[in-house]
Amino acid sequence: MRGPRPRLPALPALLWLALAPLPGPAARAELRVRVRLPGGQVTEESLQADSGADCVSLELRAADGALVTLTADFRQEVKIFRALILGELERGQSQFQALCFVTRLHRNEIIPSESMAKLRQKNPRTVRQAEEVRGLEHLSMDVAVNFSKGAQLSSHIHNVCAEAKEAIYTREEDVKFWLEKAACVLADLTPPAGAPRVNLIWDFRGVDGSMFEVLPQGSDVPELQRCRLCPDRWKPCICSYSLSIEWYPCMLKYCKSRDAGGKVSSYKCGIRSCQKGYTFDYYVPQKQLCLWDEET
């Protein structure tokens, strides 16, 4: 029988959502919203934005007690998902298990950091539900990321994935994108013949294949099973983990105004909220690291 799950600590309510100007060229801001989970429970989600570093972070406690974090690094076009999953002590697991999934950040997936930093709320007790449900994304995480070199890809990996040093995963197609992007920067910065060589901008320095390791896949190792089908908890298998970002600002809304001369102009006047689920498949050296997959 499982023990009680730790409860999410109470967080101060602030609450809705207009875009308010903030002083200074760069701003850091935090917003907490109350969000309804699929089972009807209400949790609080923290949204942090740093327009100077051009990144945003969202964190919430899932219904099963897992702490889920999404960090979007716009500068590097990198998305980092971290899950801190409560362990099953009676089955030999540690108090919690940490996983990090690193994927490419596409344009228009989430509102810019500058806009996120300006979000303000009017209704402190309102429980939020996403206006749009985006399709489930199923990703095969077939590459491991070396934690000690992770800052080459995104400086946020060092902090976000510190508890998941041996469990940071990405996709081969995303690795290809990042390496090609780094190669383009190298080409742009190559000086003419005879000119002194300039130092590369730090964002792309040292991004190469040495920080990535291709993992075994079922197509390569026929005996490699899905963890849910593997009877031996000490054998390697392909694990699946699902998470959901229940509420996040995915688009800006624009309103129109007309001046005294009749000229019409548009301005940012709010946000559209979305929900999106993800399922990650990845290799584990033993099923003991994927006991939740028995229950799917």
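The following exercises, each with a worked solution, concern a predicted model of one protein chain.

**Exercise 1. Overall content and confidence**

Task: State how many helices and strands the protein chain has, what share of its residues is buried, and where pLDDT stays under 50.

Solution. 
1. The secondary structure consists of three helices and 16 strands.
2. The chain has 296 residues, and 45% of them are buried.
3. Its accessible surface is about 15,900 Å², with 52% belonging to carbon and sulfur atoms.
4. The mean pLDDT of the chain is 83, and 80% of the residues reach at least 70.
5. Among the elements, strand β12 (residues 168-170) has the highest mean pLDDT, 98, whereas strand β1 (residues 18-19) has the lowest, 50.
6. Residues 1-16 stay under 50, and the model gives this stretch 41 contacts beyond four places in sequence.
7. Residues 195-205 are also below 50, with 18 contacts beyond near neighbours in sequence.
8. Where pLDDT is low, the predicted coordinates should not be read in detail.

**Exercise 2. A four-stranded sheet**

Task: Determine in which order the strands of the open sheet that includes β10 and β14 are arranged, and which strands form its edges.

Solution. 
1. The order is β10-β16-β15-β14, and the pairing is mixed.
2. The edges are β10 (132-141) and β14 (225-226), each of which pairs on one side only.
3. Strand β14 is joined to β15 (residues 237-258) by two bridges, and these two strands run parallel.
4. Within this pairing, Q225 stands opposite C237 of β15.
5. In general, strands of a sheet pair through backbone hydrogen bonds, either parallel or antiparallel.

**Exercise 3. Disulfides and their handedness**

Solution. 
1. For C100 and C161, the sulfur atoms are 2.2 Å apart.
2. C100 belongs to strand β7 (residues 96-104) and C161 to the loop between α2 (157-160) and β12, so the pair ties together parts 61 residues apart in sequence. Both cysteines are buried.
3. For C227 and C237, the sulfur separation is 2.0 Å.
4. C227 is in the loop between β14 and β15, while C237 is in β15 itself, ten residues apart. Relative accessibility is 0% for C227 and 0% for C237, and each counts as buried.
5. C239 lies in β15 and C290 in the segment after β16 (264-284), 51 residues apart. C239 is buried at 0% relative accessible area, and C290 is buried at 0%.

**Exercise 4. A lysine in strand β6**

Task: Determine whether K79 is buried or exposed, and which side chain its own side chain meets in a polar contact.

Solution. 
1. K79 is located in strand β6 (residues 78-86).
2. Buried means under 20% relative accessible area; K79 has 5% and therefore counts as buried.
3. The side chain of K79 makes a polar contact with that of E109, at 2.6 Å.
4. Beyond four places in sequence, K79 touches several residues, including L70, T71, F101, V102, T103 and R104. L105, E109 and Y278 are also among the residues touched by K79.

Conventions. Residues numbered from 1 in each chain as written. Heavy atoms only, no water. Pairing = 2+ DSSP bridges. pLDDT = per-residue confidence, 0-100. Contact = heavy atoms within 4.5 Å. Disulfide = S-S within 2.5 Å. Buried < 20%, exposed > 50% of the residue type's maximum accessible area, 1.4 Å probe, protein only. Polar contact = N/O pair within 3.5 Å; in protein donor to acceptor, adjacent residues only side chain to side chain. Areas by Shrake-Rupley, 256 points an atom, 1.4 Å probe, with all protein chains shown as cover.
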